[in-house]
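The sequence and the structure come next.

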Protein chains: 2
Amino acid sequence: MKSEEIARLAGVSRSTVSRVINNYPNVPAKTREKVMKIIREYHYEPNLSARVLAGKRTNTIGLFLFSIYDIKSPYRIYGNAYFSPFVDAFVDIGNSMGYYMLVHTVCKPGDCWRIRQTFSQKRIDGGIIITTDESREIESILSDISHPVVIMDYSPSQIEKTINPKARIGVFNFNDEKGVNSVVDHLVSLGHRRIGMIMGRQTSYSGRRRRECFVKRLAHHGLPVDDRYMIKGDFTWETVVPEIEKLIFSHQLPTAIVASNDAMAIAAIETFRRHGMRIPEDISITGYDDSPASAIVKPSLTTVQIPFFEMAKRSMDMLSELIESDKPRIMVCNADVGFVIRESCCENLHEEVAV
Amino acid sequence: MKSEEIARLAGVSRSTVSRVINNYPNVPAKTREKVMKIIREYHYEPNLSARVLAGKRTNTIGLFLFSIYDIKSPYRIYGNAYFSPFVDAFVDIGNSMGYYMLVHTVCKPGDCWRIRQTFSQKRIDGGIIITTDESREIESILSDISHPVVIMDYSPSQIEKTINPKARIGVFNFNDEKGVNSVVDHLVSLGHRRIGMIMGRQTSYSGRRRRECFVKRLAHHGLPVDDRYMIKGDFTWETVVPEIEKLIFSHQLPTAIVASNDAMAIAAIETFRRHGMRIPEDISITGYDDSPASAIVKPSLTTVQIPFFEMAKRSMDMLSELIESDKPRIMVCNADVGFVIRESCCENLHEEVAV
DNA sequence: CTGAAAGCGCTTACAG
DNA sequence: CTGAAAGCGCTTACAG
């Protein structure tokens, strides 16, 4: 079934059928109804490729995820408390806005060409990129592509530096200053003065931001930053365990630790407990993400709540706006974050040593 | 950049460029290399719509998920231990096979037309459907569509009854007989004789299968099926809590319960504990799925392990086979399952009453 | 081995 | 308001 047959059956030309399909105003109600009747009767759907080839949009959005785990890890995206709620939200919101969502996982920088290809084959009208690393590959993509792109968790200044003049780009970040401040202030109010941090990967914008904000907030409270308590992490569970063990064996412990995400907070809790320490009595720990797991673990995590759904909604609105207009521009957004108090922090029960 | 320009630059016709792109044999190596050089130099990518319109495949697979939660639940797909590993696996495997994956969530039966539309607009070469309910809508889709489809967790006989003669359909199920038997046998070996079940939704194939296999296996051990211990559930956490409370208040408890998925097992554990019961000392509980949460909860769950990744791999192979050949046929597959023993079951410590 | 030409199924100026 | 015609960028018989 094609538009020509619909035209014949309705006694009009293909042009008119097209006008009806595209809901153009210059069709009298009567003609429109006559054509619609045939269309409905035959369950006619215009061929997407033909429409796109003739200049219409694809109505498809690409969602590109950069896995922090390599291809062998079984739960690398959807077992991940950061990516999975985003995917969920983006797919649902995109679908409810009438878009089709093309989801693509990039496991190594060498696969980035796939993103380019998706654009250059004209498969999509625009893209969402969710990374955990700022990289040359991404900047090169951004500078090549003329389609609209919204990128999550990326340094706005970095974007502004590299993109081409006719780019239509949105950048969406977390309000990490607020998030980190909530957490630090909470711990300080509980009497903690030796506060450490499990850092996220420093190649990511939020990883760096959270560290910077942490250092700044300690200073604001007149507290020192002790390098021994700045624990290396990359947002994954595995890398944190040995670092925490190193800390334990050093016998130089902070009384509280701010983790840069929930996964690392949970890894730390498990490790401390395995070595006979009590959480939160011996050491308070906070998370970041408010993942489902953060409410299930014992003790449940005091953590920063990221509004994934709302972020996805606003990102999609941004993207859709960039698609509709072809004015080059860069939009920057920050998502508000919340703070959830649960069981993983308590008052500082240690006799305080001078710091 | 289009094929015509490549042709001009390479000094050949568009036909030859097309032959090179499609890797046809009737092009001398020299000509091929000459053309490839230009293609690479200009990063040329053929326009997808034009190719598809001219008869090529889209190289895109649709992945359709029927949410068991409604649109308002924040983690309805990716916080779900059943859907999320599937999505993860399908996207990754599809991508690594060179397919693009179109992910679509259907939240209510009324949205099913979207699936049809995806096919009739010729957006995809084939589809994967993951449901939790056997429904008229799905059967109607299956009977209309001439594209290949693989459907997970569906009664093969139901499929065979409804589809059209030129259908290319794959059905993929779990080996629930083995899964349920492992669990029941384990509990029996621990001395349990009053064993209950939290059922999954009976509109789903696996929900019914697990119940049937459970009843059968109890009979095999000469144990009675007590209707009071057949607890209603629909695979979600929420509906189980009140049912378990009803059971507790009845003061008629089994010594062990087989849950039809992990989410319901965890809900049951939480509910029992809230009412002062110890797991597994007072009551043993098993799960089904081997979700990440099943290893994190306390006590960790003894559960049936579903090989999501392998299932997705084999499903994609099936689908790809159905796409390549246009012989109508129905393929049926069963996935092997594993069994993981953790902390949620122990020996029956109750004085056994006559049953 | 290779090119000219038709065709895929739409949309959109253009002319009326 | 409406239709005939050109065009979107490919692929593929067909002829040579």
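Which element gives the largest share of the surface near DNA strand D? That share, four residues, comes from H2(B). The model is a predicted one, and the values below are computed from it.

By class, ten of the residues near DNA strand D are nonpolar, eleven polar and five charged.

Around DNA strand C there are 26 residues, and the nearest are Ser3(A), Ser18(A), Ala50(A), Ala54(A) and Ser13(B). Here H2 and helix H4 (48–53) of chain A, together with H2 of chain B, are the elements that give two or more residues. H2(A) gives the most, with four residues. The surface near DNA strand C divides into ten nonpolar, eleven polar and five charged residues.

**Chain A and its domains**

Chain A has 14 helices and twelve strands. Its C-alpha trace spans about 90 × 40 × 35 Å along the principal axes. Of its 355 residues, 48% count as buried. Among contacts in chain A with a separation of 6 or more, 71% join residues 24 or more positions apart.

The domain assignment divides chain A into domain 1 (3–53), domain 2 (60–174 + 308–336) and domain 3 (176–305). The C-alpha centres of domain 2 and domain 3 of chain A are 28 Å apart. In the contact between these two domains of chain A, twelve residues of domain 2 meet 15 residues of domain 3. The domain 2 side of that contact has six nonpolar, three polar and three charged residues.

**The sheet**

Twelve strands form an open sheet with mixed pairing, in the order S11(A)-S5(A)-S4(A)-S3(A)-S1(A)-S2(A)-S2(B)-S1(B)-S3(B)-S4(B)-S5(B)-S11(B). Strand S11 (329–335) of chain A and strand S11 (329–335) of chain B stand at the edges with a single partner strand each, so one side of each has no neighbour in the sheet. From one strand to the next the twist averages 20°.

Within chain A, strand S3 (residues 126–130) and strand S4 (residues 149–152) pair in the parallel sense over four bridges. Ile130(A) stands opposite Met152(A) in S4(A). Helix H14 (residues 308–324) of chain A packs on the sheet and touches strand S1 (60–66), S3, S4, strand S5 (168–174) and S11 of chain A. The direction of H14 makes about 170° with that of S5(A).

**Backbone details**

| Peptide bond | Omega |
|---|---|
| Ile279(A) to Pro280(A), cis | near 10° |
| Ile279(B) to Pro280(B), cis | near 10° |

Pro280(A) lies in the loop between helix H12 (262–274) and strand S9 (284–286) of chain A. Pro280(B) is in the loop between helix H12 (262–274) and strand S9 (284–286) of chain B.

Asp153(A), a residue other than glycine, has a positive phi near 60°. Asp153(A) is in the loop between S4 and helix H8 (156–162) of chain A. Is Asp153(A) buried or exposed? Asp153(A) counts as buried because 21 other C-beta atoms lie within 10 Å, and the cut-off for buried is 20 or more.

Asn59(B) also has a positive phi, near 60°, and lies in the loop between H4 and strand S1 (60–66) of chain B. With 18 other C-beta atoms within 10 Å, Asn59(B) is partly exposed.

Terms used: Residues are numbered from 1 along each chain as its sequence is written. Chains are lettered from A and ligands numbered from 1 in the order in which they are written. This is a predicted model: local features need pLDDT of at least 70, side-chain atom pairs count only at pLDDT 80 or more; totals for chains, interfaces and linings use all residues. Ala, Val, Leu, Ile, Met, Phe, Trp, Tyr, Cys and Pro count as nonpolar, Asp, Glu, Lys and Arg as charged, and the others, Gly among them, as polar. Two strands pair if DSSP finds at least two bridges between them. Axes are lines fitted to C-alpha atoms, for helices over the stretch in contact, and angles run from 0 to 180 degrees between N-to-C directions. Two residues are in contact if their C-beta atoms, placed from the backbone, lie within 7 Å. A residue is buried if 20 or more other C-beta atoms lie within 10 Å of its own, exposed if 12 or fewer, and partly exposed in between; C-beta atoms are placed from the backbone. A residue is near a molecule or strand if its C-beta atom, placed from the backbone, lies within 6 Å of it. Domain bounds come from an automatic or database domain assignment.
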